Each structure stands twice: as C-alpha cells, then as structure tokens.
Amino acid sequence: MKTNGRSHPIDRFSRRTNSVIEQSLLGLGILMIGVVAAQVFFRYVLNHSLFWSEELARYILVWLTFLGASVAYRRGTHPRIDLFVSRFGSRGARAIHVGAHLVAGAFFSMLVIYGAQFAYFVRLQISPALQIPKWIVMLVLPISGMVMILHAVAAIVSGFREHTS
C-alpha cells in the first residue's frame with residue numbers, strides 16, 4: 001500500500017471513507033441496541049408495544065449489513081481461497097489479485113446500478129410505521145456499491161504498487 005513511505009491518494013481516500021463508515025456502523029449498532037432494548041422493555045415491563053421499533057430495527061439492520069460488507073471488503077475479511085495464488089509466483093499473484101478485484105468491481109457496479117433503480121422504483125412508497133420514504137432505506141444499495149468500487153480500485157492500485165516496487 002505504500003511505496004517510498006507514501007500511500008496512493010486513492011488508498012488514503014479509501015481508508016478515510018472506511019473509517020467514517022466504521023464510525024457510522026458503531027453509531028447504528030448502538031442505535032439498534034437501544035431500539036430493541038426499548039421495545040423489549042415496553043413490551044414485557046410496561047405491556048405496551050412500540051409499533052415503530054421493529055421496522056426501524058429492520059431498516060438499521062439493512063444499513064448495517066451493506067455498510068458492514070464494504071468494511072469487510074476493505075479489510076479483506078470476506079472468505080477467499082489463497083491456495084492457488086501462492087503457486088503462481090509474483091506475476092501470477094498480481095494478475096489474480098487484479099482479476100479478482102475487477103470481477104468484484106463488476107458485481108459492485110451492478111449493485112450500484114440495480115440498487116439505484118430499485119431505490120427509484122420505491123421512491124413513492126412510504127414505510128407503514130415510520131412514515132418515511134422507502135428510497136431512503138434502499139439508498140444504502142448504491143452507496144455501499146460505490147464504496148466497494150472505491151475499495152476495489154484502491155486494492156488494485158495498491159497491488160500494482162506492491163508488486164512493482
């Protein structure tokens with residue numbers, strides 16, 4: 001990721017973006033815990049249900065899932081098979097590295113395109129309990145796709161820099 005002690009600007013931007021998302025995930029996780037705990041308290045202690053809490057928790061979970069996937073991609077913690085990569089040497093490893101991130105980038109592009117189309121499709125729908133537009137919830141699809149494309153580009157650039165230095 002670094003050559004001559006300096007990282008590439010794309011990698012720095014990817015790292016900063018990932019840091020902001022990690023902080024957002026912390027906030028969303030705490031919010032979800034609070035919402036679910038309040039629902040349990042209201043339902044079992046006060047015998048009164050918060051009708052909106054299940055819907056909010058579900059929407060938070062959607063955002064946690066997609067943003068969390070982008071963090072996992074940046075960290076390289078998604079499952080992968082490295083058994084074959086070590087047998088191809090430096091040039092082969094670089095080609096596999098770039099190819100894998102290009103294929104992933106293609107999938108992420110589909111997430112952006114179809115996620116944006118889906119968010120547009122539900123733009124007029126309002127959630128039943130919270131009364132918020134559903135496109136706000138579905139906006140996480142193209143956002144997470146764009147973030148993962150950024151991470152893929154950063155991984156490709158970093159891979160080239162590591163293998164050529």
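Phe-108 is buried in this predicted model, with a relative accessibility of 12%. Tyr-73 is likewise classed as buried, at a relative accessible area of 13%. Both values fall under the 20% cut-off that defines the buried class.

Three aromatic pairs are present in the structure. In one of them, the ring centres of Tyr-73 and Phe-108 lie 4.9 Å apart and the ring planes meet at 80 degrees, so the arrangement is edge-to-face. This pair connects distant parts of the chain, its members being 35 residues apart. Tyr-73 belongs to helix 2, which spans residues 53-75, and Phe-108 to helix 3, which spans residues 89-121.

Phe-118 and Phe-121 make up another aromatic pair, with a centre-to-centre distance of 6.4 Å and an angle of 25 degrees between the planes. The pair is classed as stacked, because planes under 30 degrees apart meet that criterion. Phe-118 and Phe-121 are both located in helix 3, where a separation of three residues corresponds to about one turn of the helix. With a relative accessible area of 37%, Phe-118 is partly exposed. Phe-121 has a relative accessibility of 60% and is exposed.

A contact between a charge and a ring involves Arg-123 and Tyr-120. Arg-123 is placed over the face of the Tyr-120 ring, 3.9 Å from the ring centre.

Terms used:
Residues numbered from 1 in each chain as written. Predicted model: local features only at pLDDT ≥ 70, side-chain atom pairs only at ≥ 80, totals over all residues. Heavy atoms only, no water. Phe/Tyr/Trp six-rings, centres within 6.5 Å; stacked < 30°, edge-to-face > 60°. Helix = DSSP H or I, 4+ residues; strand = E, 2+ residues; numbered from the N terminus. Buried < 20%, exposed > 50% of the residue type's maximum accessible area, 1.4 Å probe, protein only. Lys NZ or Arg CZ within 6 Å of the ring centre and 35° of its normal.
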